[in-house]
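Subject: Structure handover

Hello,

Here is the structure for your files. My notes on the sheet, the salt bridges and a few single residues follow below.

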Amino acid sequence: MDYLIRPAQAKDVTAMLGLIQELADFEKEPDAVNINEAALLEFGFGENPLYHCFVAEAEGQVIGMALVYFKFSTWNGKALHLEDLVVSADMRGKGIGEALLNRVVQFGKENKVKRIGWVVLDWNKGAIKFYEQKGANIYTNWNIAQLDEQTIATFNTLNE
């Protein structure tokens, strides 16, 4: 199968949102996607984009994506976070995920990052094996901490 990896364009947001939902479904969180096309457009293709996205395209259709953004590590400096790497279920096993990851690493090198990181679910053995084969370290002794929109809104910032 012939495909190409290219930077996402504003016209790709519908397909990107579809892949984001497909990933949420795969991760058993079908109702967790709270973003829409307008937000993807605003935050990725506006005046000051918050993310970069690469898409895999075959026969005019977006079949995969890798969405990344810069962050800063107090230990290492400039870093890149891979938020999502997803390939349509019917296109997996064809090297597309590897090509997307390769493009992310190339982007990291071009931007002189000191680290590229991402999160993988502990039950996603296929993804863990894939990442380990690419040389990634999988840390099992770190827990993810997050405040969601609700807890941010009700967070008590006053010292009472």
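A salt bridge here is a side-chain nitrogen of Lys or Arg within 4 Å of a carboxyl oxygen of Asp or Glu. Glu110 forms one with Arg103, with the closest N and O atoms 3.7 Å apart.

Some notes on the source. This is a predicted model, in which local features need pLDDT of at least 70 and side-chain atom pairs count only at pLDDT 80 or more, while totals for chains, interfaces and linings use all residues. Residues are numbered from 1 along each chain as its sequence is written, and side-chain values use heavy atoms, leaving out hydrogens and water.

Salt bridges

The whole structure contains 5 salt bridges. Arg6, Asp12 and Glu57 are linked in a network of them. Arg6 meets Asp12 at 2.7 Å, N to O, and the side chains of Glu57 and Arg6 also meet at 2.7 Å, N to O. The latter pair links distant parts of the chain, with Glu57 in strand E2 and Arg6 in strand E1, 51 residues apart. Helices (H or I, at least four residues) and strands (E, at least two) are DSSP runs, numbered from the N terminus.

Buried means under 20% relative accessible area, exposed over 50%, and partly exposed in between (1.4 Å probe, protein chains only). Arg6 is buried because its relative accessible area is 12%, and Glu57 counts as buried at 18%. Glu110, at 44%, is partly exposed.

Sheet

An open sheet of 5 strands has the order E1-E2-E3-E4-E5, with mixed pairing. Its edge strands, E1 (4-7) and E5 (115-117), each pair on one side only. Two strands pair if DSSP finds at least two bridges between them. Strands E3 (residues 61-73) and E4 (residues 77-87) run antiparallel and are joined by 10 bridges. Within E4, Leu85 is the bridge partner of Ala66.

Helix H1

Leu17 is found in helix H1 and counts as buried, at 18% relative accessibility. Leaving aside neighbours within four places in sequence, Leu17 is in contact (heavy atoms within 4.5 Å) with Val33, Ile35, Asn36, Glu37 and Leu40. Leu17 and Thr157 are 140 residues apart in sequence and 34 Å apart in space, C-alpha to C-alpha.

Phe26 is also found in helix H1 (residues 13-26). At 33% relative accessibility, Phe26 counts as partly exposed.

Regards
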